[in-house]
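Biologist: Can you walk me through this model? I'll ask as we go.

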Amino acid sequence: MEFKEVIARRRSVRKFDTARMVEGDKIERLLAAALAAPSSRNSRSTRLAVVDDRATIDRMAAMRDYGAAFLTGAPLAIVVAGDRTASDLWEVNASIAATILQLTAVDEGLASCWVHVAGRPRLKDDPEGETAADYLRGLLPLGEGWEPLCVVALGYSDYVPKPLPEADDTARVVWAGR
Ligand SMILES: Cc1cc2nc3c(=O)[nH]c(=O)nc-3n(C[C@H](O)[C@H](O)[C@H](O)COP(=O)(O)O)c2cc1C
């Protein structure tokens, strides 16, 4: 797929074809692309956890009581994390990797949605209570020092997403030197 088309087609999809799993070779290409992302001082601080087990993904959907419930319909979930001890910019590095993962998904004919973890409480009304990150740590064999940034839900879309809506972005850009 042409890169321009990848950009134009990328939308957040929260409803997947539950009968269709993501093929192993596609998962390998997603992981390879995400791990090839640039990182501060080439620290390669990004870590990934691949979850394709239905029961575990269902439990991951409870990591936040807002914005994560749709994970129960996702055939695949990839936790994008960073090793805090490898880079002070682990969160930035992991964001770039997650974005490349999502764009690669489009190229592979897949759809995805970012579900945020870092800095979020499990329960909206209990901001000082258990964090989504600690809940995931209790559920998944994440390595020592791994800090989850987000979960990328992946699968084949259950519908054809509309293209990005037109927006007037002129105020978001300033040209210097004109
Ligand atoms: C940093 C970040 C955090 C996000 N967190 C969530 C989330 O927790 N749950 C969710 O359903 N979507 C989440 N999204 C997806 C956004 O809602 C989505 O990208 C936005 O509405 C624009 O829609 P589009 O991706 O289809 O262009 C997140 C996206 C980003 C970049």
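Biologist: Leu 89: how accessible?
Modeller: Leu 89 counts as partly exposed because its relative accessibility is 36%. Buried means under 20% relative accessible area, exposed over 50%, partly exposed in between (1.4 Å probe, protein chains only). The model is predicted: local features need pLDDT of at least 70, side-chain atom pairs pLDDT 80 or more, while totals for chains, interfaces and linings use all residues. Residues are numbered from 1 along each chain as its sequence is written, and side-chain values use heavy atoms, without hydrogens and water.

Biologist: Where does Leu 89 lie?
Modeller: In the loop between strand 2 (76–83) and helix 4. Helices (H or I, at least four residues) and strands (E, at least two) are DSSP runs, numbered from the N terminus.

Biologist: Switching topic. How many salt bridges?
Modeller: Twelve. The rule is a side-chain nitrogen of Lys or Arg within 4 Å of a carboxyl oxygen of Asp or Glu.

Biologist: What does Arg 84 form a salt bridge with?
Modeller: Glu 147, with the closest N and O atoms 2.7 Å apart. This pair links distant parts of the chain, 63 residues apart: Arg 84 sits in the loop between strand 2 and helix 4, Glu 147 in strand 4 (residues 146–155).

Biologist: Is Glu 147 buried or exposed?
Modeller: Buried, because its relative accessible area is 15%. Arg 84 is partly exposed at 43%. Shared partners join Arg 84, Asp 134, Arg 137 and Glu 147 into one salt-bridge network.

Biologist: And which residue pairs with Arg 9?
Modeller: Glu 5, with the closest N and O atoms 2.7 Å apart. Both lie in helix 1, four residues apart, about one turn.
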